[in-house]
Amino acid sequence: MGHIIPRRIAALALAWLAFAGAAFADETCNSPYISTLIKGQEDYVYVWALGVEGLGDGSDKLVTVDVNPKSKNYGKVIHSLSTGARVEAHHMGFTDDRRYIWAGGLSDNRIWVFDVAADPAKPKLVQTIADLGDKSGYLGPHTYYALPGRMLVQALSNTKDKGGQTGMALYNNKGQFIASYAMPTEGGGDGYGYDLAVNPKKNALLTSSFTGYANYMRPLGELIKDGEAMKKFGNTMALWDLKAMKPKKVFSVPGAPLEIRWSLNTKDDWAITATALTSKLWLVRQDGKGEWIAKDVGAIGDPSKTPLPVDISIARDGKGLWVSTFMDGTTRYFDLANPEAPKQTYEKVTGKQVNMVSQSWDGKRLYITSSLLANWDKGGADNEQFLRGFTWDGKELTQKFEIDFTKEKLGRAHHMKLGSKTLRAG
Amino acid sequence: MSALKYARNAALSLALLLGLLAGLLGVSALCAHQPEPLPALDFVPPAPGSYTLHRIMPAPDGRVLDIDGRSQPLSRYTRGQLTLLGFIYTTCVDPEGCPLAYRVFDLLKAAIAATPALHGKVRFVTLSFDPARDTPEVMRRYAGSRAVDTSGGLRWYFLTTRSARELMPLVEGFGQDVRVPYDRTSGRARRELSHVLKVFLIDRAADIREIYSSLFLHPQTVLNDIETLLMEEGSRPLRATETK
């Protein structure tokens, strides 16, 4: 990453006259340690796409889409950067300085580091971290969560038996391994991992749980017929002492709790998650005695039909939550004015299959992608692969653009991060 | 409760009280920023020694200028003692930036002064990342009495650099973000820069062991970390020449 030094020296030398203060917070689902926030119109959506054999170069790639309505390239792919590998590309995350995106795949241990600051319109691959398996024994990096000067990586599996026993690995921002932390297997812990999220004010780290490589790499139709395999999903969340990086309490949260979102409202100290298999919203908060608890606060759709909630996106004031359910291709909005009793106030079918949902800081724009996992996506005509951009006026989602990832030979569209040309850093 | 822990808690309480009084009474400090009270932690931090502070990365080295304008290697200020280092610029007014660090450093200084067991074991370093403005003389004025105060068993060094070229390897090495905002309409770099507060706890062998942002920078957590590193040294005596 050192190649950016000369450019930065030049930029700093020119601009070394006065300084602005720091900004804290971020778009609604990122680490609170991330330094810069896109409060206005984002310029780019970075899409981490799974390669498809026979489609284009077949590799996983970082796709940059221009999403500024004032741009002549609005709604178009302006850059695509292939990794040359196809490893079930899944999630990504910014470093705390928002200069780099770390991204990885679930069938592999490599982590790709993209520079998105030198030229936010044209990310550049600057590093590949390849020692996760050797150093930690974990497989399938999923969540990349920025801590000051470090990245905490939550894995889904392990290199030994490719089951669900896994943990987190801590790296410094230079990509050097520091330590690993096994998911709890005592006190009710099942050892599974999925997402993590931090509340610094409470020194609280929450983790959730999914399943291992042996399950998530199997075709879904085959998997759900395997009773024994279906028992191998996480049913817990864990509260950790962030400072000590030690689990303090395990909550029973049946049905694979996935994404975790702390309310960003400074008056709140609760987090919410959705369970994939049981289709429920769960709230984690402190009770009147200060004890952390997790409780089922409502259903998402009809759980008996297994709509499979796969992603959530919380409003910046903690008053609303978007939920996407994969099987019915529906995007739902829940009023969280009372997080103890979320109320669904809107729903719309936004695709034949939908997965990730991301909103702008002001909540006026929503981006939706289609792919869950290569072997879990639907087949035939239902296998739509897209990025769709919507506006939200508080009453109606209106589609503004669509990129057909199959037609464009880009692959399966999965995770998204927002970018801005104003974040160019020398 | 260990004697050190008892003394530290008492000292921290005293320091927080002094800070509170200073804030309430508007007592002016002798230097650029006056200490203000900090809210109490909203959690019970883990006890010193009950957790591990991993070696995050080595602290970088480079040339710096002290307040007399002498060029020194930064390593002179990052080895041999526990070091709390923070980047600042003297014109910073963001309450969650440099002033916050200054308040925390002031409160910590008072706490350490009141804890003899910590005397001679910790130093503070305040390093400017605005060499154009923050000359050694400006840093001297910014520091006020802090730069010459040798009481309380702690030295506080105020450093700057000769140029951006000398500074940038340090900024990059520490991972201290400094950004050039760009104007959306013109596409040109704006005159100001932005940064995010980071404070680094460095062990005697010059390894960075903790990085605090404004969300986690509190005298209580820093003191716990200092004690944790001292307890670690107590169980495994550090011999710097073999460590590095």
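1. In chain A of this predicted model, four strands make up an open sheet in the order β4-β3-β2-β29, with antiparallel pairing; strands here are DSSP runs of E of at least two residues, helices are runs of H or I of at least four, and both are numbered from the N terminus. β4 (76-82) and β29 (412-419) of chain A lie at the edges with a single partner strand each, so one side of each has no neighbour in the sheet. From one strand to the next the twist averages 25°, taken between N-to-C directions of lines fitted to C-alpha atoms, on a scale from 0 to 180 degrees.

2. Strand β3 (residues 61-66) of chain A pairs with β4(A) in the antiparallel sense over six bridges, where pairing requires that DSSP find at least two bridges between the strands. A:Val65 has A:Val77 in β4(A) as its bridge partner.

3. Beyond its neighbours within four places in sequence, its contacts include A:Thr331, A:Phe390 and A:Trp392, a contact being C-beta atoms within 7 Å.

4. In chain B, 15 of the 16 residues of α2(B) are buried.

5. Residues are numbered from 1 along each chain as its sequence is written, and chains are lettered from A in the order in which they are written. Local features need pLDDT of at least 70 and side-chain atom pairs count only at pLDDT 80 or more, whereas totals for chains, interfaces and linings use all residues.

Methods:
Buried ≥ 20, exposed ≤ 12 C-beta atoms within 10 Å, placed from the backbone. Contact = placed C-beta atoms within 7 Å.
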